[in-house]
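Subject: Handover of a structure and its findings

Dear colleague,

Please find the structure below, followed by an account of what was found in it.

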Amino acid sequence: MLDTTPLTRAVDHFADRLRAAPQSRLQRGAAAEALALARELARWTQRVEEPGTEPREMPDAGMFAAADQISVAGHDLALVLKDEREVEEAVRLVEEAQKRAGV
């Protein structure tokens, strides 16, 4: 069985940091960065689950929902990944987005 714990931990850490961030930080781009990541993770999941179909875009539910959106998208992706290389790539995406978000 594939261990996706590194991905779920990275996603949970980013989501927790967003939830603890002040509104001003979210407004300065942290929420937008999180939404971009959530959309990327959701598209990845959709490509695995529904190959050949056009991915649907995750809606912008507002800056206070961004943490929940990356959490859901990240955990969904963890369920469909097939190998360690994919887990490592997903963790890298999360960590890079968190750095860009500044949280």
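A residue is called buried when its relative accessible area is under 20%, exposed when this is over 50%, and partly exposed in between (1.4 Å probe, protein chains only). Please note that this is a predicted model, in which local features need pLDDT of at least 70 and side-chain atom pairs count only at pLDDT 80 or more, while totals for chains, interfaces and linings use all residues. Residues are numbered from 1 along each chain as its sequence is written, and side-chain values use heavy atoms, with hydrogens and water left out.

Overall form

The protein contains 4 helices and 0 strands, and its pattern along the sequence is α-α-α-α. Helices (H or I, at least four residues) and strands (E, at least two) are DSSP runs, numbered from the N terminus. The radius of gyration is taken over C-alpha atoms, and the globule rule is 2.2 Å times the number of residues to the power 0.38. For 103 residues a compact globule would have a value near 13 Å, and the protein agrees with this because its own value is 13 Å. Along the principal axes, the C-alpha atoms fill a box of roughly 40 × 30 × 15 Å.

Of the 103 residues, 44% count as buried. Contact means heavy atoms within 4.5 Å. Among contacts in the protein with a separation of 6 or more, 81% are between residues 24 or more positions apart.

The nonpolar core

A nonpolar core is a set of buried Ala, Val, Leu, Ile, Met, Phe, Trp, Tyr and Cys residues joined through side-chain atoms within 4.5 Å. The largest such core has 33 residues, and those with the most contacts inside it are L7, F14, L18, L37, I70, L77 and V94. Two or more residues come from each of α1 (5–20), α2, α3 (66–80) and α4 (84–101). Helix α2 gives the most, with 9 residues. Leaving aside neighbours within four places in sequence, L18 is in contact with L26, A30, A34, A66, A67, I70 and V103.

Individual residues

Which residues does A15 touch, not counting those up to four places away in sequence? They are A67, I70 and S71. A15 is found in helix α1 and counts as buried because its relative accessibility is 1%. From A15 to E50 there are 35 residues in sequence and 26 Å in space, C-alpha to C-alpha.

T45 lies in helix α2. Is T45 buried or exposed? T45 counts as buried, because its relative accessibility is 6%. Not counting residues up to four places away in sequence, T45 touches A73, D76, L77 and V80.

Q46 is also found in helix α2 (residues 23–49). Q46 has a relative accessible area of 10% and is therefore buried. Apart from its neighbours within four places in sequence, Q46 is in contact with P51, P55 and R56.

One of these partners, P51, has its place in the loop between α2 and α3. P51 is exposed, because its relative accessible area is 61%. P51 and V91 are 40 residues apart in sequence, and their C-alpha atoms are 22 Å apart in space.

A colleague
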